[in-house]
Amino acid sequence: MMSLRLQLGIIFIMLVVAGSIVHFLRRKSIDFRYALAWLFVDVVIIILAIFPRAMVWLSQILGVASPVNMVLFVGLCLSLVVIFSLSMSVSRLADKVRKLSQEIAIIRKDVFDGDNRVREEMNNIKD
Amino acid sequence: MKKLVIIPAFNEEGNLEKTILDIKENAPAFDYVIINDCSTDGTLAMCRRHGFSYLNLPVNLGIGGAVQTGYRYAYYHGYDIAVQFDGDGQHSASYLPEMAERLEETGSDMVIGSRFITKEGFQSSSLRRLGIRYFTFLIRLLTGKKITDPTSGMRMINRKLMEKFTEEYPKDYPEPESVVTVLSEKHRVTEMPVIMNEREEGSSSISLGNGVYYMVKVSFAMVIARMKR
């Protein structure tokens, strides 16, 4: 079984983490979408720390010897989900950057060519 | 008929002038645009000095993103035909008018300039040829069509594919993958024999070190491209 000290320790750390997520949310350093994912991980770990029996039950089903290892395992799995979702959003961002860069390059050329056309027309008027 | 030559350029200071001269002399009906993909040499300065037509990418996008910029430009400006053309002296502009004729006459959506039909000119190293033959095999397996030179960087497309490539184009090593996509969607691809030269300056983007990554990535991308439809 988990010691009370470990339970309280985990809960304390997770509360600090939850507090900092809210802090970063208020400072707009993190999007709601990602903050929610992290808070979800946080809350799941807190619930498991409060009800270690759920873990004992789960660890028996999955054949994990120690419930503490179960906490770490669940935390790791949820972290992997968050990291994977980050890979996806980085890919989407890269696509957007690519499209924007291309548009910028094209617009710059159009403006430049347009300028020349305007200049030529002006010169013709002078003559 | 508005026709555009797209020349992706990353550090091509040494070859670019000759390439542009080649196009102006041997394919006068074609407009051209250089895509400077954040070159670190004097490519941009040279484009300005000579008054070349160029697009300057604000961030480095790699070969796929650079070529796609050209297709996007061609599509926005109402070109009927766009052709990718390497700026490193490998390709000869004298083939471009004939490629355009073939595109129209055969009603194809893409014409690829192939080194391996008449097997003349620079044939690449034997290891590279082996890789290319493997791609030919994989394309045949996936689509049932025979493409002798799936890695050829000399490819001409019509407006239909321009629109498609503007929406979606692979980021790196785009040629074999996009051929599979195009064939899977029942577009028509023809090949035309061309003679290519050995590059005069610069080196291939594919070395022995990243060759394994290249083969795995492209194979995987080709299978995924086939699965999309």
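## A tour of chain B

Begin by selecting strand 1, helix 1 (residues 13-26) and strand 2 of chain B, which together make a right-handed β-α-β unit; right-handed here means that, with the strands pointing away from the viewer, the path from the first strand over the helix to the second runs clockwise. Helices (H or I, at least four residues) and strands (E, at least two) are DSSP runs, numbered from the N terminus.

The model is a predicted one, in which local features need pLDDT of at least 70 and side-chain atom pairs count only at pLDDT 80 or more, while totals for chains, interfaces and linings use all residues. Residues are numbered from 1 along each chain as its sequence is written, chains are lettered from A and ligands numbered from 1 in the order in which they are written, and side-chain values use heavy atoms, with hydrogens and water left out.

B:Lys3 stands opposite B:Phe30 of strand 2. Strand 4 of chain B (residues 81-84) also pairs with strand 1 in the parallel sense, over four bridges, and there B:Val83 is the bridge partner of B:Val5.

**The nonpolar cores**

Now select B:Tyr71, B:Met110, B:Ile157 and B:Met222, which touch the most other members of the largest nonpolar core, a group of 38 residues; such a core is a set of buried Ala, Val, Leu, Ile, Met, Phe, Trp, Tyr and Cys residues joined through side-chain atoms within 4.5 Å. Apart from it lies another core, of 29 residues, including B:Ile7 and B:Val83.

**Two loop residues**

Finish at B:Cys38, in the loop between strand 2 (30-36) and helix 2 (43-50) of chain B, which has a positive phi of about 60° although it is not a glycine, and then at B:Lys119, in the loop between strand 5 (110-114) and helix 5 (126-143) of chain B, whose phi is near 55°.

Key
Two strands pair if DSSP finds at least two bridges between them. Buried means under 20% relative accessible area, exposed over 50%, partly exposed in between (1.4 Å probe, protein chains only).
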